[in-house]
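Colleague: I am new to this structure and would like to learn how to read it. Could you walk me through some features, starting with a single side chain?

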Amino acid sequence: MKNHSIYQTPIDKLLTLGDCHKITNEYNYIAELGLDTEHIPGLISMAIDQNLNGVDSTSLETWGSIHACRALGQLRAEAAIEPLMQLFHKLEDSDWVNEEMPKVYGMFGEVAIPKLQAYLADESHGIFPRITAIHSLEEICKQHPDTRQKCIAVLTQQLKSFAQNPHELNGFIVASLIELQAVESAAVIKSAFVAQSVPDEITGTWDDVCESLGINSDKIALFTDINLDEVSQVEDISTDEVRQTQEIADSEETQLQDVINDEVTQLEEDVSQTQEIAVEEKQPDQITTEEVEKNLAITPDDIQLIEDVTTNVEQLHKVETKTSDINNREIEANQLKSEVDNQKVTASVKQPLSKGFGGFATSQGKAKTNKKKKR
């Protein structure tokens, strides 16, 4: 153990304890190892030792820092409160920091609240280190119920800056306030939701929060320090979004109506063409509504139109038939008249010939006699 020699007994024993999952934080480091306040500086050094934090995870020594932090918590070592906070950001990707440090600060108790408040408010820290501070305040409240009002006040005060806070940070603050059943913070929480500064995926909706806290949303007013201009801007944005959405919907409706009108026009043309083809290929009485409806997706109005057209065609056909009969009768009458005329002509020619040549001579003689008398 390369780090074992630099730590004095009994602190060095922490490097031999191993997996912290097997040795829980209920383990009494003070009684079991004989640790006391005089060992606090050495424990702080081990807790923040980067050499230990960087060793192979299979080594016993890698667990030494966690054991040191727990021992400091049990000693309620006020001197360790601020130095251990550097682990929040230096090891922010470490699971054990996120899990163990809130429990350690819970053991520190009320004395750690001001330092955690300052760390939480420091915007130079990343989101995850600040979330660790939130969980630490929550844990202090759980381990020391008498600190509830102070812890809730710190979290609520930070939430009042919801407009400047990252939304994820607001979400975790609200989650902790829900965990602590901070009904007294409902006005601030509602204000953050009204400003759309709390992501639903972390806490659920405002209605979900009301259900968790057992409160009536309608009875919760916005907190008095809220920036009404910011909320008004949010409401204006929402109104603009609604207006834009309505305009888009109206435009789409107009386009859809145009498409429908075009389809209706095309359908009418198709019906007309189909009717013309049907009239050419079939007799009107052979055209059925079922056949037209089968070939085209038409409406009842279109079917009625087809039936009207069919009726008109049938009537036209009857008129044409009658006209043809009349024409045929006229032709027959003309033929009969012609035959009668021919018979009259034949009769007039045959009448003098029926008297023979004698008759013709007698007529000629009478004509000559008349001429002599005139002379």
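Modeller: Happy to! Keep in mind that this is a predicted model. Let us start with Lys190, whose side chain reaches the backbone oxygen of Ser217 at 3.1 Å.

Colleague: Where is Lys190 placed, and is Lys190 buried or exposed?

Modeller: Lys190 sits in helix α12, which covers residues 186-194. For burial, we compare the relative accessible area with a cut-off: buried means under 20%. Lys190 has a relative accessible area of 16%, so Lys190 is buried.

Colleague: Which residues is Lys190 in contact with, beyond its neighbours within four places in sequence?

Modeller: Those are Trp206, Ser217, Ile220 and Leu222. Take Ile220: Lys190 and Ile220 are 30 residues apart in sequence, and their C-alpha atoms are 7.6 Å apart in space.

Colleague: Which residues touch the most other members of the largest nonpolar core?

Modeller: In that core of 75 residues, they are Leu72, Leu84 and Tyr105. The element that gives the most to this core is helix α7 (residues 95-108), with 7 residues. As for Leu72, leaving out residues up to four places away in sequence, the residues Leu72 touches include Ile40, Leu43, Leu84 and Phe108.

Colleague: Now the aromatic rings, please. How many aromatic pairs are there?

Modeller: The count comes to 5 aromatic pairs. One of them joins Tyr27 and Tyr29: the ring centres are 4.8 Å apart and the planes stand at 80 degrees, so this pair is edge-to-face. In general, a pair of aromatic rings is described by the distance of the centres and the angle of the planes.

Colleague: Are Tyr27 and Tyr29 buried or partly exposed?

Modeller: Tyr27 has 23% relative accessibility, so Tyr27 counts as partly exposed. Tyr29 is at 0%, and therefore counts as buried.

Colleague: What about Tyr105 and Phe108?

Modeller: Tyr105 and Phe108 form an edge-to-face pair, at 5.2 Å centre to centre and 80 degrees between the planes. Both lie in helix α7, 3 residues apart, which is about one turn of the helix. Tyr105 is buried, with a relative accessible area of 0%, and Phe108 is buried with a value of 0%.

Colleague: Which residues form one aromatic cluster?

Modeller: Phe88, Tyr105, Phe108 and Tyr119 do.

Terms used
Residues are numbered from 1 along each chain as its sequence is written. This is a predicted model: local features need pLDDT of at least 70, side-chain atom pairs count only at pLDDT 80 or more; totals for chains, interfaces and linings use all residues. Side-chain values use heavy atoms; hydrogens and water are left out. A nonpolar core is a set of buried Ala, Val, Leu, Ile, Met, Phe, Trp, Tyr and Cys residues joined through side-chain atoms within 4.5 Å. Buried means under 20% relative accessible area, exposed over 50%, partly exposed in between (1.4 Å probe, protein chains only). Helices (H or I, at least four residues) and strands (E, at least two) are DSSP runs, numbered from the N terminus. Contact means heavy atoms within 4.5 Å. A polar contact is a pair of N or O atoms within 3.5 Å; within protein, one must be able to donate a hydrogen and the other to accept it, and residues adjacent in sequence count only if both atoms are side-chain atoms. Rings of Phe, Tyr and Trp (its six-membered ring) pair if their centres lie within 6.5 Å; planes under 30 degrees apart count as stacked, over 60 as edge-to-face and the rest as tilted.
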